[in-house]
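Subject: Two-chain model, handover and notes

Hello,

The structure is below, followed by notes on what was found in it. Please read the notes with the coordinates open.

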Amino acid sequence: MNKIAYIVVQLIIMLLIAPLVSGIIKKVKALSQKRKGPPVFQLYRDIYKLIKKDTVVSKTASWIFSVTPYINFVTALIAGLLVPVSLKLTPLNFGGDVIFIIYILALGRFFMTLSGVDTGSTFGGMGSSREMALSSLIEPTLLVSVFTVGLISKSLSVHNMMETLSSIGTNIFQPVYIMCFLALFIVILVETARIPVDDPATHLELTMVHEAMLLEYSGKNLALMEYGAALKQLVLITLLVNLFVPLDSLITFNNAFLALGVSILLYIAKVAIAAVFIAIAEINTVKLRLFSVPNLAAISFILSFLGFVQYFIVGGIHG
Amino acid sequence: MDSCLNLLSILILLSSFILVANKRVISYIRTFRLQSLLLAILSGVIGIYSIEKTGEIDILIVCVITFAVKVVLIPKLLKTTVTKVGYKVEKDFFLNIPISILICCGLFILTYFSVSTINDIKDAQVKAYLVNSISVILIGLFFMISRKKAIGQIIGFLVMENGLFTTAVLTTHGMPMIVELGLFFDVLTAVLIMGILVFRINENFDSIDINKLRNLKG
């Protein structure tokens with residue numbers, strides 16, 4: 001019974017916060033350029049508007065094209081269920097669910113790239129091939145940094161990892177964690193199509209990656225794709241902040257509901273701050289040429305790998 | 001204390017990886033400056049620690065000299081050389097950047113295994129310092145042989161020197177003052193001479209590509 005309540009709470013939080021992250025990032029970027037920028041809740045309105053609109057599907061498109069939005073949305077949502085927003089929630093967890101998260105997101109991406117090729121538009125194919133190249137470049141980093149944390153906590157379940165990392169106190173400032181944190185940060189920038197690799201604000205440019213695959217979508221399908229992308233972004237940010245910025249041990253209320261509420265508020269604050277940091281990273285970098293992206297991927301791999309070797313030399317928790 | 005030193009040593013290592021990923025001469029110099037700054041902070045931390053412990057002020061002086069020579073003076077000299085030569089982006093590598101980063105990664109693993117064969121090191125912390133700082137030396141060496149242009153080789157030499165300095169400071173908590181001073185003057189004169197040499201090479205061969213040095217001129 002508790003489990004179902006946890007799942008419902010987790011779902012509601014994930015669905016409600018997801019579009020907010022993009023809003024915060026856009027707002028910070030606009031403020032840095034002395035513009036007013038769109039309101040923080042713009043994406044909610046966009047999705048609401050898109051759901052009311054008609055969908056247009058190309059005649060040449062196969063079933064993959066119409067199925068993809070649902071798969072994309074649902075895979076992101078399932079991944080969201082596996083990353084608890086607070087230590088006090090255990091919506092779904094089993095051994096090895098970190099690997100499951102990574103590959104269920106990869107399944108969503110697989111269908112997205114297929115649908116990009118499906119309609120036969122040149123932009124779609126271009127975006128798909130680029131997306132696959134980028135994801136294959138960045139996947140080793142994600143796996144190595146997550147496995148390092150897994151080795152330290154001797155479990156590959158997100159909840160156990162979170163518990164271990166929140167029990168070590170100030171040891172979180174050790175190089176192992178800092179390297180893995182930075183590596184995951186770069187992974188987020190790449191996976192969510194942020195500026196060093198892809199500009200989320202462009203439409204109809206030769207440099208676009210993620211937008212190129214969504215070009216053919218309209219109406220409800222587009223709404224689902226946008227929502228799915230926002231959810232995926234939130235899943236990765238949650239993984240980052242809940243693993244490496246564990247503040248749950250600070251909450252010492254006796255009342256279970258009060259403690260849960262405060263920890264969720266804390267989580268929302270952490271996500272907002274992470275969004276601001278992503279925006280700052282975007283403001284301070286330029287978009288890389290596509291052929292320079294392997295260099296960025298190599299740097300992020302080195303970051304996670306240094307963390308990994310540090311674990312072998314000095315160990316994770318003591319030292 | 002230990003955790004802080006460990007973090008600084010790994011940041012120094014990371015900055016040498018970033019150096020390998022660069023291809024603009026200005027960013028070579030910038031990364032070298034960053035690394036030297038980290039080195040100065042490292043020696044500052046050890047200096048304060050040794051003042052508290054034994055009252056010796058030597059390492060703090062070394063820290064100040066590191067800052068003056070490696071963060072301010074040498075980058076400035078290199079920048080004047082670069083502006084004189086007017087050479088900006090390294091275009092042809094022996095190996096492309098991801099592969100050279102992976103080779104550096106291999107060097108790091110090699111160092112790890114070769115250090116772990118030394119049985120006398122009982123302290124895991126010292127082992128970590130040794131692995132990190134010896135890798136910096138090897139990466140500096142690799143940087144020297146992987147770049148074709150003379151400026152890249154100067155930077156590689158300086159990074160090697162930084163690695164040596166890091167190793168010495170971290171494992172012995174400071175060499176005798178006179179040795180440190182000797183090293184600084186050594187590096188400074190080396191950079192001065194190499195700067196003039198690069199300028200001369202550029203004047204005579206219209207390029208700072210070291211492969212052209214093999215051409216006969218008559």
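**Packing of H1 and H10 in chain A**

Helix H1 (residues 2–32) of chain A packs against helix H10 (residues 256–284) of chain A at an angle of about 35°, and their axes are 9 Å apart. Axes here are lines fitted to C-alpha atoms, for helices over the stretch in contact, and angles run from 0 to 180 degrees between N-to-C directions. Helices (H or I, at least four residues) and strands (E, at least two) are DSSP runs, numbered from the N terminus. The crossing of H1(A) and H10(A) is right-handed; a crossing has that hand if the near helix is turned clockwise from the far one by less than a right angle, and is left-handed if anticlockwise.

On the H1(A) side the residues that meet H10(A) include A:Ile13, A:Ile17, A:Val21 and A:Ile24. Their counterparts in H10(A) include A:Ile264, A:Ile268, A:Val271 and A:Glu282. Sorted by class, the residues of this contact are 15 nonpolar, 1 polar and 2 charged. Ala, Val, Leu, Ile, Met, Phe, Trp, Tyr, Cys and Pro count as nonpolar, Asp, Glu, Lys and Arg as charged, and the others, Gly among them, as polar. Two residues are in contact if their C-beta atoms, placed from the backbone, lie within 7 Å.

**Provenance and confidence**

This is a predicted model, in which local features need pLDDT of at least 70 and side-chain atom pairs count only at pLDDT 80 or more, while totals for chains, interfaces and linings use all residues. Residues are numbered from 1 along each chain as its sequence is written, and chains are lettered from A and ligands numbered from 1 in the order in which they are written.

The predictor gives the complex an ipTM of 0.86 and a pTM of 0.91. Chain B has a mean pLDDT (the predictor's confidence in each residue, from 0 to 100) of 87, and 99% of its residues reach 70 or more.

**The two chains**

Chain A has 11 helices and 0 strands. The globule rule is 2.2 Å times the number of residues to the power 0.38. The C-alpha atoms of chain A fill a box of roughly 60 × 45 × 45 Å along the principal axes. Of the 319 residues in chain A, 45% are buried. A residue is buried if 20 or more other C-beta atoms lie within 10 Å of its own, exposed if 12 or fewer, and partly exposed in between, with C-beta atoms placed from the backbone. Among contacts in chain A between residues at least 6 apart in sequence, 80% join residues at least 24 apart.

Chain B comes to 7 helices and 0 strands. Its radius of gyration is 18 Å, close to the 17 Å from the globule rule for 218 residues, so chain B is as compact as a globular protein of that length. Its C-alpha atoms fill a box of roughly 60 × 35 × 25 Å along the principal axes. Buried residues are 37% of the 218 in chain B. Of the contacts in chain B with a separation of 6 or more, 73% are between residues 24 or more positions apart.

**Where the chains meet**

The contact between the chains takes 17 residues from chain A and 20 residues from chain B. Helix H7 (175–191) and helix H11 (293–314) of chain A each supply at least two residues of the chain A side. The largest share of that side, 11 residues, comes from H11(A). By class, the chain A side has 12 nonpolar, 5 polar and no charged residues.

B:Tyr112 is in helix H4 (residues 97–116) of chain B. Leaving aside neighbours within four places in sequence, B:Tyr112 is in contact with A:Val309, A:Ile313 and B:Val131. B:Tyr112 is partly exposed because 19 other C-beta atoms lie within 10 Å.

**Two lysines with positive phi**

A:Lys34 has phi near 60°, a positive value in a residue other than glycine. A:Lys34 lies in the loop between H1 and helix H2 (42–52) of chain A, and counts as exposed with 7 C-beta neighbours inside 10 Å.

A:Lys154 also is not a glycine and has a positive phi of about 55°. The loop between helix H5 (122–153) and helix H6 (158–167) of chain A holds A:Lys154, which counts as exposed with 10 C-beta neighbours inside 10 Å.

Regards
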